[in-house]
Amino acid sequence: MTIDYLDQTAPTDVETDLCIIGAGPAGIAMARAFIGTAVSVCLIESGGWAGEDSSQALCEGTSIGSPEFDPGISRLRAFGGSCNLWGGGCIPLGSSDLAERAWVPHSGWPLAYAELEPYYARAQAFCRIESHDFTDGSFLTPPARPPVSFDASKLVNQIFVRSPILFGAAYRSELERAPNITVLLHANLLELEAGLSGASVRQARIGSLDGRQGVVRARHYVLACGGIENARLLLSSDSVVRHGLGNDHGLVGRYFMDHPVGKLGTLFTDAPDRLTRPYARTGGKGPTPSFPEIGLSGQALRAYRLLNGRVRPVAVEGPIPNGIRALRELRATLRRPVQDESSALEERLCAALKNGTRVNPDDAGEPPVGIGRLALRLALGAGDVARAYVRKLADQPAVRSTHVDLIGYFEQAPNPDSRIMLGAERDALGQRKVCVDWRLTALDRHTYRTAAALFGAELARACGGRFQPEPWIGGGDSTVPQVRGTAHHLGTTRMSDDPRQGVVDRHCRVHGMDNLHVVGSSVFPTGGWAFPTFTIVALSLRLAERLRTRMTSHAASEDPDASISRAGAVA
């Protein structure tokens, strides 16, 4: 069942067994795990079925750190969450990613790889990539193009698989049909109100942008709103516990991490395709292709005391022949969808995140060239197209490359001073906006410099080229790293068995609270370099299994502070 909270005839209050806040991959995976059970579930989404400017504005905030970080461009409020914009990359974390590393302060998960492995197998089905076997830190399916061989003491090839689905679109109808699932759209969590002792959540206050307010009363609550919003909502839930829920030791919002990305340098070589083609995101086999990524080896991490990192060799085209340019513009014009509010918003977010700039809703870009003119240009450039076709048959790029850019993606060191806080400004709901203080450490900078040298030297050797690092790579510790975020928000409600070191325990339960859980990448103590969604889904399915067992075996309320009437919804 679906309820739009903007509908004035909809109930104001809701009674349920399990309240999940956030309908991204984590929330959808959890809700789906309860289909067919006796447990009633309310899945709350701040936005609608697709992106809307009014809901998206609630993501805005301020940045006071270095590098600058714009929280408004790196997440999407809509059913399916930010994965409406994802690239589909799936890869498991490895044992070394989860282990404590002596040279990485605050590293180490309370979970071992063996504890996550069965849930990675279930995540495969959810992501619809069941045909691929995986191992510790990689998939096993050979990619269509064999990767380059490297010195194994320095670099390794790890394989990821591309999921073919968007979770919101894939599972919407299934959740709508389920009699025990209620999807509540346009409902924003205002506060998780604690009981008098502060040891459990009594109810969730919700509101819509048109001014409606009500509550959701449940036996258990799960925050699944992402690495920024999970922290913001816990800090905002302060009417009973002054400093916010789960924040007895001041850790909520701290250890904020992303996967910083930046250009490390340029490779000049007479054979750029030898290096770039195996790692191009094209030419994969079937609906769920596999692709290699070049990563630092475990031996190199230990020897040089580095964080995890990977590099993408990106071919930079030379002059584009007129016929090829016309063909590309014609294809883009024919594929361009009708620009409704949702598609326009998603296009702006993708462009802003790619370029590290703020969203400008008034920037409509250049007017498209007419199809007739493009067709004429294409006809005049038919020879260019024919030559490109011959190159494609030989598995070569349509346009010759002049050089190769090396783009590095890195794990970020856990840093308690890198954090999410509540700002002074308020949003349209009257809630305090987020303030981001994103900071890098000396270990981050050491990793960039050393990894750039390792990647550059080894890739230059592989293609007989010369590596020229970017100027910022050779700078000292005072040089500002030229990196930006990749919308992988990690660590703000980190997992630890020790309440003094983390916000949630190994089961994602908030320390000191009986019926509140947090799931998503905010619980990651460290991030490795791996795309986080596959692990987010695995952790969500693990928590769903635990709650399902607990809730179906205990019919009575487990909340000692609750005095909730379960007589039904209040209209």
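## Close-up views of a predicted model

**View 1. The three-stranded sheet S5-S20-S19.** Three strands form an open sheet in the order S5-S20-S19, and the pairing within it is mixed. Its edges are strand S5 (61-63) and strand S19 (419-426), each of which pairs on one side only, while neighbouring strands of the sheet are turned against each other by 30° on average, direction ignored. S5 and strand S20 (residues 432-437) run parallel and are joined by three bridges, and in this pairing glycine 61 stands opposite valine 434 of S20. Helix H6 (residues 226-236) packs on this sheet through contacts with S19 and S20, its direction making about 65° with that of S19.

View 2. Strand S11 (residues 188-194) is mostly covered, with seven of its seven residues buried. Six bridges join S11 to S12 in an antiparallel arrangement, in which glutamate 191 stands opposite arginine 205 of S12. The hairpin of S11 and S12 has six residues between the strands, and glycine 198 takes a positive phi near 75° there. Strand S12 (residues 201-207) is in turn joined to S13 by four bridges, again with the antiparallel sense, and alanine 204 stands opposite valine 216 of S13. In the hairpin of S12 and S13, where five residues lie between the strands, glycine 211 takes a positive phi near 100°. Strand S13 (residues 213-217) also runs parallel to strand S2 (residues 14-15), to which two bridges join it, and the bridge partner of glutamate 15 in S13 is arginine 217.

**View 3. The buried and exposed sides of helix H5.** Helix H5 (residues 167-177) has as its buried residues Phe167, Gly168, Tyr171 and Leu175. These residues lie on the same side of H5, because they cover an arc of only 95° around the axis. The face turned away from this buried side carries the exposed residues Ala169 and Arg177. Among the elements that cover the buried residues of H5 are helix H1 (25-33), strand S4 (41-44), helix H4 (113-127), strand S10 (181-185) and helix H14 (533-553).

**View 4. The packing of helix H1 against helix H5.** The axes of H1 and H5 come within 11 Å and cross at roughly 30°, which means that H1 is roughly parallel to H5, given that angles under 35 degrees count as such. H1 passes H5 in a left-handed crossing. On the H1 side the contact is made by Pro25, Ile28, Ala31 and Arg32, and on the H5 side by Phe167, Gly168, Tyr171, Glu174 and Leu175.

View 5. Between S5 and strand S6 (89-90), the loop contains proline 67, and the peptide bond leading from serine 66 to proline 67 is cis, with omega near 5°. Histidine 106, in the loop between helix H3 (95-98) and H4, has a positive phi of about 65° although it is not a glycine. The relative accessible area of histidine 106 is 33%, so that this residue is partly exposed. Cysteine 508, in the loop between strand S21 (466-469) and strand S22 (516-518), likewise is a residue other than glycine with a positive phi, here near 70°. Cysteine 508 counts as buried, because its relative accessibility is 2%.

Methods: Residues are numbered from 1 along each chain as its sequence is written. This is a predicted model: local features need pLDDT of at least 70, side-chain atom pairs count only at pLDDT 80 or more; totals for chains, interfaces and linings use all residues. Side-chain values use heavy atoms; hydrogens and water are left out. Buried means under 20% relative accessible area, exposed over 50%, partly exposed in between (1.4 Å probe, protein chains only). The arc is that of the directions from the helix axis to the C-beta atoms. Contact means heavy atoms within 4.5 Å. Two strands pair if DSSP finds at least two bridges between them. Axes are lines fitted to C-alpha atoms, for helices over the stretch in contact, and angles run from 0 to 180 degrees between N-to-C directions. Angles under 35 degrees count as roughly parallel, over 145 as roughly antiparallel, 65 to 115 as roughly perpendicular and the rest as oblique. A crossing is left-handed if the near helix is turned anticlockwise from the far one by less than a right angle, and right-handed if clockwise.
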